[in-house]
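This briefing is for a reader meeting the structure for the first time. Please look over the sequence and the model before going on to the notes.

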Amino acid sequence: MTNPDLKVVADREPVMGLDARYFTDRDLYRRIIDEVFYKNWLMACHSSQVSKPGDYLTLEIYDQDIIVTHTREGEIKAFYNVCQHRGHKLAEGCGNKKLLVCPYHAWSYDMQGQLKAAPHTSKVPGFDSARICLTEIRLENFLGFLFINLDPNAASMDETYPGIRDEMLKLCPDVEQRKYAYHHTADEGCNWFVAVENYNECYHCSNCHPSFAKGIIDPNTYSIAPYGDIKVLHHTSEPSHSDEAWYDTSGADYGSFFLWPATSIQFYPGGVVNSFTWRPLAVDDVRVFRSFYSNDGEVDDTLQKVIDNDRETTFQEDLDIVREVQRGLNSRGYKPGPLVLNPEGGINSELPIYKLHEWLRAAVD
Ligand code: FES
Ligand SMILES: [Fe+2]
């Protein structure tokens, strides 16, 4: 085996699963939020969701409100969504506006984050609206997907995930032309890391996801492996060769890229682009955003079938699993068992779980 990690695990005693406190302890959870979610790249939305000047979209990363804006000058920016007067949340939802007007005392800001007007301040000594601006956040457009990072000193996306842009373009050369088409969400009733672990192993697929294993991929060729020594897990497979494929999957291979800590961009065979983003809500809850993209932003019959089949089968099956796992992690009787680290890799190896544990522990231990 060429992967050095596989050699390491082959030489060792069984590697045990992560202690339950990583999924259940409130203090540790807070530390994980600070060290993982406030210091890494997270997908905010797709550029097509803020395609025109004046467009804005809000989101939450745990207790931080964020707003993404498209300025009159044509730039896309991200800010903390908080008024610089006395801290009211500035905007809700999404839409298109010339100015963002705070609901509290009506201070208004342009899409560059600059304060433009503040009622009854003309006689206030020293009040200089030109010096008042929303607090900007790092934002990068990665093949049309907008990522934010709350750490002003973070390395760029290309430095953090080298090679991934090219890998995605290989699978889907026109990915940048995709437009946001549809999304649904679910509050999963588990710690974010339960959901991320579950997403990144397919040891459970044949047991729990009979439809996915026929509808999209070829389970005999499925693999999830670390991508070099960066914090990316690369899912690969030949397309489904089954009569029960959800659509004509003969176009291209399947590939998905889990970008630590909480985003995955997936390319179903034939360029059906979709993504997962997980946003933590509480130690025992996480909201998953399941998004789909198309060439024109519309959902055609094939995409609708993929969305419906995914939601009714794989997505729902995983929801049921992760809720039960969270309950189990709270059990007084749970002792972490050995990971199934098959030295030959393949669909039934939990090597990706081992890597996820390594990355989490490096951040907080
Ligand atoms: S807090 Fe926004 S205007 Fe006062
Ligand atoms: Fe699953």
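The notes below go from the whole chain to its domains, its sheets and some single residues.

The model is a predicted one. Its chain has 10 helices and 17 strands. With a radius of gyration of 22 Å, close to the 21 Å that the globule rule gives for 365 residues, the chain is as compact as a globular protein of that length. An assignment divides the chain into domain 1 (4-41 + 163-364) and domain 2 (50-142).

**Whole chain**

- The C-alpha trace spans about 75 × 45 × 35 Å along its principal axes.
- Of the 365 residues, 38% count as buried.
- Among contacts in the chain with a separation of 6 or more, 60% come from residues 24 or more positions apart.

**The two domains**

- Domain 1 is made of two stretches, 4-41 and 163-364, while domain 2 covers 50-142.
- The C-alpha centres of domain 1 and domain 2 are 34 Å apart.
- Where they touch, domain 1 contributes 5 residues and domain 2 contributes 4 residues.
- On the side of domain 1 that touches domain 2, helix H3 (26-37) and strand S16 (272-282) each supply at least two residues.
- The residues on that side of domain 1 are 3 nonpolar, no polar and 2 charged.

**The sheet of 7 strands**

- An open sheet is formed by 7 strands in the order S11-S17-S16-S15-S14-S13-S12, and their pairing is antiparallel.
- Strand S11 (179-187) and strand S12 (223-226) are at the edges; each has a single partner strand, so one side of each has no neighbour in the sheet.
- From one strand to the next, the twist averages 15°.
- S12 pairs with strand S13 (residues 232-237) in the antiparallel sense, over 4 bridges.
- Within this part of the model, Ala225 stands opposite His234 in S13.
- Helix H5 (residues 164-171) packs on the sheet and touches S13, strand S14 (254-259) and strand S15 (263-268).
- The direction of H5 makes about 155° with that of S14.

**The sheet of 3 strands**

- Another open sheet has 3 strands in the order S6-S7-S8, with antiparallel pairing.
- Its edges are strand S6 (100-101) and S8; because each has a single partner strand, one side of each is left without a neighbour in the sheet.
- Strand S7 (residues 108-109) and S8 run antiparallel and are joined by 2 bridges.
- Tyr109 has Leu115, in S8, as its bridge partner.

**Backbone features in loops**

- Most residues other than glycine have a negative phi, and most peptide bonds are trans.
- The peptide bond from Trp260 to Pro261 is cis, and its omega is near 10°.
- Pro261 is placed in the loop between S14 and S15.
- Tyr62 is not a glycine, yet has a positive phi of about 50°.
- The loop that holds Tyr62 runs between strand S2 (55-61) and strand S3 (64-70).
- Tyr62 counts as partly exposed because 17 C-beta neighbours lie inside 10 Å.
- His120, also not a glycine, has a positive phi of about 60°.
- His120 is in the loop between strand S8 (115-117) and strand S9 (136-142).
- His120 has 9 other C-beta atoms within 10 Å, so this residue is exposed.

**Thr313**

- Thr313 is part of helix H9 (residues 301-329).
- Leaving out residues up to four places away in sequence, Thr313 touches His209, Ser211 and Phe212.
- Thr313 and Glu35 are 278 residues apart along the chain, and their C-alpha atoms are separated by 34 Å.

Technical notes
Residues numbered from 1 in each chain as written. Chains lettered and ligands numbered in written order. Predicted model: local features only at pLDDT ≥ 70, side-chain atom pairs only at ≥ 80, totals over all residues. Contact = placed C-beta atoms within 7 Å. Pairing = 2+ DSSP bridges. Axes fitted to C-alpha atoms, helices over the stretch in contact; angles between N-to-C directions. Rg over C-alpha atoms; globule rule 2.2 N^0.38 Å. Buried ≥ 20, exposed ≤ 12 C-beta atoms within 10 Å, placed from the backbone. Domains from an automatic or database assignment. Nonpolar A, V, L, I, M, F, W, Y, C, P; charged D, E, K, R; others polar.
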